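Trainee: Could you take me on a close look at a single part of this model, the space left inside it? I'd be glad of one connected walk through what surrounds that space.

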Amino acid sequence: MQITIHESIKLVIPKCRLGYVIVNDAVVRGTPPSLAQEFFKLQAEVAKVYNMDILKKIPRIIAVRSMYKKLDFDPSRYRPASEALVRRVLKNKGLYYMNSAVDVNNFCSIKFLLPFGIYDLDHIQGNVIYQLAPEGSYINMSGHTLSTNGKPFLSDEIGVFGNPTSDSKRTAINLSGRNLMSVIYADEEVSDDELEHMLEFTAEMLIRYNGGRIGEKKIIYA
């Protein structure tokens, strides 16, 4: 599988990068108590450091919102996954615990304040391209049919599946998932060293709570 960034993205974000980690032979399970404890601690730290009034002033949040605006993707209407998660924490709404893979991904998204996506490789066909999608639709994680027109998406030979706001149900990770791909949608302000650190941390967390082995870990440049 090859992952590339399409010209439609490069034109508006010349320094666009994606970071990804592939974990093979994983065993996805319900949320382990130790991961839930780590998550509870992280949420307490986030609530202590941030609040709703300063959220939009945080440099990383600003940078991700800027990335969205360059893609003509309204961050107020389509909130970056990372910001949406932090908002839930700050509003005391709590987070949804899904499974040992999705929860690690959400943990990393909150920790690094960047959109993360995690996908079942066994439901991805052929090469993957990150692009502004043509007119069409997809079914999101909640089962709703949404438009793809002009929005940034990861796509394979079947169609779109990954988005920094809302992923497709087709490639969702459940307890039968064995081959996982976690993707970081990096803004232009993130250095390569920072992105490498995030990938290392994500890989370590995925292996710790899901077992398996690292199949690949890489940064994709525009």
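Mentor: By class, the lining of the largest cavity is made of seven nonpolar residues and one polar residue, with no charged ones. This is a predicted model, so please read every value here as computed from it. The residues along that lining are I3, L18, G19, Y20, V128, L154, M181 and V183. Two elements, β2 (17-24) and β9, each give two or more residues to the lining. Of these, β2 gives the most, with three residues. The space itself comes to about 40 Å³, and a search of the whole structure finds one cavity of 30 Å³ or more.

From here β9 leads us on to a helix. The buried residues of α3 pack against β9 (180-186), and also against α4 (81-90), α5 (102-112) and α6 (192-210). Those buried residues are R60, I61, A63, V64, R65, M67 and Y68. The helix also passes a simple length check: its twelve residues, 59-70, should span 16 Å at 1.5 Å a residue, and the end C-alpha atoms are 16 Å apart, which agrees. After α3 comes D72, with a positive phi near 60 degrees.

One last stop is the cysteines. The model has zero disulfides. C16 counts as buried because its relative accessibility is 3%, and C108 counts as buried at 0%.

Note on methods. Residues are numbered from 1 along each chain as its sequence is written. This is a predicted model: local features need pLDDT of at least 70, side-chain atom pairs count only at pLDDT 80 or more; totals for chains, interfaces and linings use all residues. Side-chain values use heavy atoms; hydrogens and water are left out. Helices (H or I, at least four residues) and strands (E, at least two) are DSSP runs, numbered from the N terminus. The expected span of a helix is 1.5 Å times one less than its number of residues. Buried means under 20% relative accessible area, exposed over 50%, partly exposed in between (1.4 Å probe, protein chains only). Contact means heavy atoms within 4.5 Å. A disulfide is a pair of cysteine sulfur atoms within 2.5 Å. On a 1 Å grid over the protein atoms alone, a cavity is a set of points where a 1.4 Å probe fits but cannot get out, and a pocket is an open set with protein on both sides within 12 Å along at least five of seven lines; lining residues have an atom within 4 Å of a point. Grid points are joined across faces, edges and corners, and a volume is the space filled by probe spheres set on the points. Ala, Val, Leu, Ile, Met, Phe, Trp, Tyr, Cys and Pro count as nonpolar, Asp, Glu, Lys and Arg as charged, and the others, Gly among them, as polar.
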